[in-house]
Amino acid sequence: MQNELKPYIYTMSEQEQHRKYWRMNLRYLAILLTVWFMVSYGCGILFVDELDKIPLGGFKLGFWFAQQGAIYVFIVLIFVYMWLMNRLDKRFNVEEE
Amino acid sequence: MDIQVWTYILVGITFALYIGIAIWSRAASTKEFYVAGGGVSPLANGMATAADWMSAASFISMAGIISFMGRDGSVYLLGWTGGYVLLALLLAPYLRKFGKFTVPDFVGDRYYSKTARIVAILCALFVSFTYVAGQMRGVGIVFSRFLEVEIEIGVLIGMAIVFFYAVLGGMKGITYTQVAQYCVLIFAFMVPAIFISMMMTGNPIPQLGFGSDLVNEPGVSLLDKLDGLSEALGFNAYTSGSKSTIDVFFITAALMVGTAGLPHVIVRFFTVPKVRDARKSAFYALLFIAILYTTAPAIAAFARTNLIQSISEKPYAEVPAWFTKWEETGLIAYEDKNQDGIIQYVADPATNELTIDRDIMVLANPEIAQLPNWVIALVAAGGLAAALSTAAGLLLVISTAVSHDLLKKTLRPDISEKKELLAARIAAGCAVVIAGYFGINPPDYVAAVVAFAFGFAAATFFPAIIMGIFSKRMNKEGAISGMIVGLLFTAAYIIYFKFINKEANTPENWWFGISPEGIGTLGMLLNFLVALVVSRFTKPPPQPIKDMISDIRIPKKLK
């Protein structure tokens, strides 16, 4: 991906660059929020009864997602977003001084 | 030493610490008062956000509620943590870049309208006052049980402390006190949880112990045991739900979106220096919050099991000391309906003899598990830290809404910085007094109004801010009509079912089976819909506003 982007950056006008930056941001958001929805509303609410048939140690899987698992995934999601965006800021040279 | 002496010592030490920090971090300018000078490190801000967010409700009530609701209690766990994902991804970085002081600032500037600003001020005031009343009540409960003073005196002491550091230190004082309060509250929450987890399952990590086998019944997992105990008494199995799926879905969504729209949480992200720091501190905040939120369901299951095992079918004459103590506060009540002197605790209201206020579970849990006295006292100090830190954050939003949004930005733009700071302090002082009044005379509908506050934030602020960032086409006509429709719809539904026609508040009468607690989600959807439609038929926002949106989307300062 890095190689695909690099050449553009120096040829694009600043405005175009910012537009591209924003579009990448939106793409990250779409992916991360899909995961967010799947673990909380999906595993913890909509499909909880089906998942409960699967044991996870002393837990039922659906119950575990609803009271533990989804929260762990939330933390990971914010971390991944932070990491992706810091990288994107650098790549598009839009970091705050 | 007995519990009371320990409580005086621990509460005394923590209060002295908070006052010390307040004196050290006095605010000298309005910027320090409103956003701590914008120079708080992401780690400190993460802790402060966690303490700001985790209120008496999280510390004292939540595990108790889950304990009685079983799996349905997940709505709080998911709702109050999942909202941080929305906050971190959709709001915090852009609002930090916007770089003013308050949420009404953003709404007023982005929608280039005084009306929008005033609607936002009213929403911020309503949400914050509702919350603060609940915190003061939490302070009262802790004081009356552990220090055995009147609730009124407890509330007055709490008021005096908050008054001292919120009025003196503003956001700067509050931030550093909240860091200390986070440490106190998380320590106080974890210590008994680890003790109890060790005792019951042999595993020191409550998050794992909660899914392990019992020490005294090898081969039987805690949750299976609890399911069995619950069903034997006629309750639902602990790990199965009784609410409808659609209702759980809507309540969770209302709490999540409401969380992301709460002004006292959003404003914390104005205190860090950079956009990058806003992202990082959202991560820290959820990490610190999750320590408590993943432990709470474990405590809920431990407490429920312990409670049933220690009092069900036991003779009333032989109840443990904690039972009698809590009976004195009126939060546990026993009525011997069949006159056999034995406590029948069952699901059927006709034969059940025991009523337990859900709020006492966390506070009583260490006593039920017979932990050392210092642990019990520690829980009291932790509950106070949770209540005071949130109360302070809310009071700041109230004072800022009055001095900055209403006075400086709307009524008297020419006011000097010194006068504005004075006004902020006076407003904070008045807010403390009003909050104290509600703490001493709690309106009996506090719980109902809190649900209202979340639905309200979800149906008004959240869509207005999201569209303000993500849509360049959204204009003031769209945003204002969206907020008003969202607000009126949500308010009408809640007021009807909670106040006007309480008897009708049953799933058969709810629209699509959505309870008043979850209706904010529908209000939010309506807000989005109305705003989008109205904005298509009215003028697009002026060019400077479009430029401003381009600017907040990029971390770097544009020329």
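Which hand does the crossing of H6(B) and H7(B) have, left or right? I started my notebook with that one, and the crossing turned out to be right-handed. A reminder to myself before going on: this is a predicted model.

**Entry 1: H6 and H7 of chain B**

I looked up the geometry of this pair next. Helix H6 of chain B covers residues 103–110 and helix H7 of chain B covers residues 114–147; their axes come within 7 Å and cross at roughly 160°. Angles over 145 degrees count as roughly antiparallel, so H6(B) is roughly antiparallel to H7(B). On the H6(B) side I listed B:Val103, B:Pro104, B:Val107 and B:Gly108, which meet B:Lys114, B:Ala116, B:Arg117, B:Ala120, B:Ile121 and B:Ala124 in H7(B). I sorted this contact by class and got seven nonpolar residues, one polar and two charged.

**Entry 2: the loop between them**

I then went to B:Tyr111, which is found in the loop between H6 and H7 of chain B. Is B:Tyr111 buried or exposed? It is buried, because 26 other C-beta atoms lie within 10 Å, where 20 or more are needed. Leaving out residues up to four places away in sequence, I found that B:Tyr111 touches B:Ala116, B:Lys476, B:Ala479 and B:Ile480. I noted that B:Ala116 is also on the H7(B) side of the contact in the previous entry. I also checked B:Tyr111 against B:Glu477: the two are 366 residues apart in sequence, yet their C-alpha atoms are 8.5 Å apart in space.

**Entry 3: what H16 of chain B packs against**

I followed H7(B) on to H16(B), and their axes come within 8 Å and cross at roughly 155°. H7(B) and H16(B) are therefore roughly antiparallel to each other. The crossing of H7(B) and H16(B) is left-handed. Their contact holds 22 nonpolar, six polar and four charged residues.

H16(B) has another partner that I wanted to see. Helix H4 (residues 56–69) of chain B and helix H16 (residues 373–411) of chain B have axes that come within 7 Å and cross at roughly 130°. That angle makes H4(B) oblique to H16(B). B:Ala56, B:Ser58, B:Phe59 and B:Ile60 are the H4(B) residues here, and they meet B:Gly382, B:Gly383, B:Ala386, B:Ala387 and B:Thr390 in H16(B).

**Entry 4: where the two chains touch**

I turned to chain A, which has four helices and two strands. From the N terminus on, the order is α-α-α-β-β-α. Of the 97 residues of chain A, 34% count as buried. Among contacts in chain A with a separation of 6 or more, 54% join residues 24 or more positions apart.

How many residues of chain B are in contact with chain A? I found 40 of them, in contact with 35 residues of chain A. On the chain B side, helices H5 (74–98), H10 (222–232), H11 (245–260) and H13 (275–311) each supply at least two residues. The largest share, 12 residues, comes from H13(B). By class, the side of chain B that touches chain A has 20 nonpolar, 12 polar and eight charged residues.

**Entry 5: the nonpolar core**

Which residues touch the most other members of the largest nonpolar core? They are A:Ile78, B:Leu185, B:Ile289 and B:Leu395, in a core of 213 residues. Helix H8 (residues 151–201) of chain B gives the most to this core, with 22 residues. I took a closer look at B:Ile289. Not counting residues up to four places away in sequence, B:Ile289 touches B:Ala50, B:Trp53, B:Met54, B:Thr81 and B:Tyr84.

**Entry 6: two last look-ups**

Helix H19 (residues 461–470) of chain B is mostly covered, with nine of its 10 residues buried. Among the buried ones are B:Phe461, B:Phe462, B:Pro463 and B:Met467.

I finished at B:Ile332, which lies in strand E1 (residues 332–334) of chain B. Beyond residues up to four places away in sequence, B:Ile332 touches B:Phe323, B:Trp326, B:Glu327 and B:Ile356. B:Phe187 is 145 residues from B:Ile332 in sequence and 27 Å from it in space, C-alpha to C-alpha.

Technical notes:
Residues numbered from 1 in each chain as written. Chains lettered and ligands numbered in written order. Predicted model: local features only at pLDDT ≥ 70, side-chain atom pairs only at ≥ 80, totals over all residues. Axes fitted to C-alpha atoms, helices over the stretch in contact; angles between N-to-C directions. Parallel < 35°, antiparallel > 145°, perpendicular 65-115°, else oblique. Contact = placed C-beta atoms within 7 Å. Nonpolar A, V, L, I, M, F, W, Y, C, P; charged D, E, K, R; others polar. Left-handed = near helix turned anticlockwise from the far one by under 90°. Buried ≥ 20, exposed ≤ 12 C-beta atoms within 10 Å, placed from the backbone. Core = buried A, V, L, I, M, F, W, Y, C linked by C-beta atoms within 7 Å.
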